[in-house]
Each structure stands twice: as C-alpha cells, then as structure tokens.
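Trainee: Could we go through this structure together, with each answer worked out step by step?
Mentor: Gladly; please have the sequence and the model open before you ask.

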Amino acid sequence: MTILVTGGAGFIGSNFVLDWLAQSDEPVINLDALTYAGNLENLATLEGNKNHLFVKGGIGDFDLIAKLLAEHQPRAVVNFAAESHVDRSIHGPEDFIQTNIVGTFRLLEAVRAYWGGLPDEAKAAFRFLHVSTDEVYGSLGKDDPAFTETHRYEPNSPYSASKAASDHLVRAYHHTYGLPVLTTNCSNNYGPYHFPEKLIPLVIHNALAGKPLPIYGDGQQIRDWLYVKDHCSAIRRVLEAGRLGETYNIGGWNEKPNLDVVHTLCAILDHLSPRADGQPYKAQITYVKDRPGHDRRYAIDASKIERELGWKPAETFESGIKKTVQWYLDNQAWVANVTSGAYREWLGKQYGA
Ligand code: NAD
Ligand code: DAU
C-alpha cells in the first residue's frame, strides 16, 4: 500500500508527510513543484527513508501523474498542492487559477483514468482527499454562527475563489463519475515550517529582526487558529473513515482577533527571548494599509467531524502557540534559508520600503 501526496514540501504537506511516516510504514510518493513555498529542507529528516519518494513536478502535468499512478498504484491521493497566500493572489491571480483550478482539474483527470482501470476491490477502497479552506465560505459578521459544511460558498479573494472552484470540481467528479472523494475545509493553521509571509511566522521573524510588526487595518479581523499537527491528524482520520462524497470542516474552536494573536506572540517572545534594550516587542507593532476585500471573520463549526469521526484537536491555542514560537527560536537557520532574495522582493512589493 502507498499513498500519493501532492504539495508535500509546503507548510501543511510537509508536516503531514513527517507525521505519516513517523506513525506508519506505508510509503509516501511526494509530488511537489517546489515553488517559492516548497522547501525540501522541511523533509531533511527523511533523508535515506526508503518509504519517502520525492518527485519534483506539478499537479497540472497529466502525463507525469499518470506515470506515477501506474508505477506506484497508490490506494489514495491527498491533494495539498496549491498557491495559498491571499495577498499574493491579490497581486497576481494567474498562478492561483493555473494551479488551484487547472492543476486540480488535470490531477482529477489523471486520477479518474487510473481509478477507472483498477480491479473492483482496489477501486472500492481508493480515496481522493482534497484539502481545502474555510475561506470558500466568505466572511462572517461578529454574531453569525460559525461555518458549517452546508454554509453557502461566497469566496471573496482570487485565492478563495480558486479554492472554491477546485472544491466544485472535486464534488462534480464524485457526482458525475463516482470518483471516491473526500473534501476537508480547514481554518487557519500555524506551527513548524510555516512560511514567514503569513501572519504568525512573519511576526515572529520581524520581532526578532527588530522590524515593524504589520497589522492590516484595525487588527480586529478574526481568524480561527488550529495547530498544524491537529490538521494533519484530522486529515488522517477523514482518509480512514470519512464518508464518500462528504465534506468535513476542521477547526480548533480558537477564534482570535489578529491584534490579540500579535500581542500573545510578543508576550511569549518577551519571556523566551527578551529584547536587548529591555523594551517589549509590542513596541514594534505598526498599523499598515488594509488588505483589499479583507474578510472580517472566519469561524469553523467542527462538530460534524467530532460527531461522525471522533476527531478533536489535541492542542489549545495557548499550548500550540508556545511550541510554535519555541520552534522558530530553535530553527533560526531554517528561517534564514527561506528568507532569501525572492522573499525580500516579496516584502518590498507587499509592505513597501
Ligand atoms: P504552502 O503554500 O505552504 O505549500 C503549498 C505547496 O504546494 C508548496 O510546497 C508548493 O511548492 C506546492 N505547489 C504549488 N503549486 C504546485 C503545483 N502546481 N504542483 C505541485 N505542487 C505545487 O501551503 P499550505 O499552507 O501548506 O497549504 C496546503 C493546502 O492546505 C492548500 O491547498 C491550502 O489551500 C490548504 N489550507 C491551508 C491553510 C493554512 O492555514 N495554511 C488552511 C486551510 C487549508
Ligand atoms: O483560513 C484558512 C486560510 O488561512 C488558508 O486557506 C490560507 O492558505 C492561509 O494563508 C490563511 O489565510 P489568511 O489570509 O487568513 O492568513 P494570513 O496569515 O495571510 O493572515 C492572517 C490574518 O492576519 C488576516 O486577517 C490578515 C492579517 N495580516 C496578515 C499579514 C501577512 C496582517 O494583519 N498583517 C500581515 O502582515
């Protein structure tokens, strides 16, 4: 038995592959295009592990995927590969359309052809798990109930619109062709190997570098935070026992305004790595121009996955965020390697000088 993971050199995908191989002898074929967000260093501890085969390539490459499927005969595909950063989708949506929509389509086509040719037993056991986001549901008002799986799709950014389109394709392949699919819609993740263009790792990185901590708008936008390893355990559980064609919301019941998250990070850093001048890190907080079309609030109702599959997060925000800050302090070499030339160009484009 083998699984094929796409996007397994990115933030969540690499955590998933590392956790999978720590808990199972089942091999992983890891297909990743190694965009700016993909980093083989995340997988360095797997060097020499015969159960991990890394293949550089895109989910839009039908022939490559067809070849990998025929050669390795996986029992499941878990699709993490995507362009994932909302701000980048605002600056340049093209890559989001190509990877998240066209790429998912080509991947589905290759999987459909492979699955259609499997013997009955393997065909019945096969799974295609599509990893998606809560952003497809749009933005909530402050007193609205959290997103359930039946909330209508109202994506507001090019990123979330492209993920919504990919979810619809996955759904259609189940209804039209009977492909055995599962979709997960998760809230904001944080944890090790998070690329420092996203709020939490960016703030840790900038704080330690003595740079401004940029807060978009009034900082009162709410996100629902989940420790990445809890997301990975939820995906494993859905793969194992999820009902075919169903979607499962995954979240940590941890709604926080952005400003509170940044204050928490500053307080942990004040304790673990105080500034040389004795000043608190919160002195570096700087209000900057808001994100265009910025969604005000996300909140996930994760009761379906708990009720049907018995999954619950293991970490609270308080325990997960301390581990995360400690991980960044312990892995400054990783941060230094990813914050290279291309990264600095992005900061210039997004935040100006
Ligand atoms: P990421 O940007 O860190 O990683 C994406 C990975 O996909 C990278 O390794 C990149 O090289 C690879 N990739 C990009 N285009 C590719 C292509 N055409 N073919 C193959 N590989 C390609 O993203 P992430 O934060 O790890 O997110 C992974 C998935 O989870 C995405 O589908 C995202 O929409 C979803 N998601 C993310 C979050 C979050 O908070 N980060 C929350 C919910 C859902
Ligand atoms: O909700 C799930 C989504 O979470 C995933 O689908 C996306 O792939 C992932 O990137 C994340 O999207 P967000 O836009 O919520 O994450 P980001 O870390 O970019 O921003 C979190 C919040 O912080 C958001 O309200 C914008 C704000 N922010 C972000 C940055 C980078 C700032 O105030 N300042 C910043 O510099």
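Trainee: Is Phe80 buried or exposed?
Mentor: The model is predicted, so local features need pLDDT of at least 70 and side-chain atom pairs pLDDT 80 or more, while totals for chains, interfaces and linings use all residues. Residues are numbered from 1 along each chain as its sequence is written, chains are lettered from A and ligands numbered from 1 in the order in which they are written, and side-chain values use heavy atoms, with hydrogens and water left out. A residue counts as buried under 20% relative accessible area, as exposed over 50% and as partly exposed in between, with a 1.4 Å probe and protein chains only. Because the relative accessible area of Phe80 is 11%, Phe80 is buried.

Trainee: How many aromatic pairs are there?
Mentor: Rings of Phe, Tyr and Trp (its six-membered ring) pair if their centres lie within 6.5 Å, and planes under 30 degrees apart count as stacked, over 60 as edge-to-face and the rest as tilted. By this rule the aromatic pairs number 18.

Trainee: Which kind of pair do Phe16 and Phe80 form?
Mentor: Phe16 lies in helix α1 (residues 11-23) and Phe80 in the loop between β4 (76-79) and α3 (86-91), 64 residues apart; helices (H or I, at least four residues) and strands (E, at least two) are DSSP runs, numbered from the N terminus. Their ring centres are 5.2 Å apart with 50° between the planes, and the pair is tilted.

Trainee: Why is the pair of Tyr114 and Phe126 called edge-to-face?
Mentor: Tyr114 is buried at a relative accessible area of 10%, and Phe126 is buried too, at 0%. The ring centres are 5.8 Å apart and the planes stand at 70°, so the pair is edge-to-face.

Trainee: Over which ring does the charged end of Lys123 sit?
Mentor: A charge sits over a ring if NZ of Lys or CZ of Arg is within 6 Å of the ring centre and within 35 degrees of the ring normal. The charged end of Lys123 is 4.8 Å from the centre of the ring it sits over, that of Trp115.

Trainee: How far is a polar side-chain atom of Tyr159 from an oxygen atom of ligand 1?
Mentor: Ligand 1 is surrounded by 28 residues, and Tyr159 is among the closest, where a residue is near if one of its heavy atoms lies within 4 Å. A polar side-chain atom of Tyr159 and an oxygen atom of ligand 1 are separated by 2.7 Å.

Trainee: Which element gives the most to the shell around ligand 1?
Mentor: The elements that give two or more residues are α1, β5, α6 (158-177) and β7 (188-190). With three residues, the element that gives the most is β5.

Methods
A polar contact is a pair of N or O atoms within 3.5 Å; within protein, one must be able to donate a hydrogen and the other to accept it, and residues adjacent in sequence count only if both atoms are side-chain atoms.
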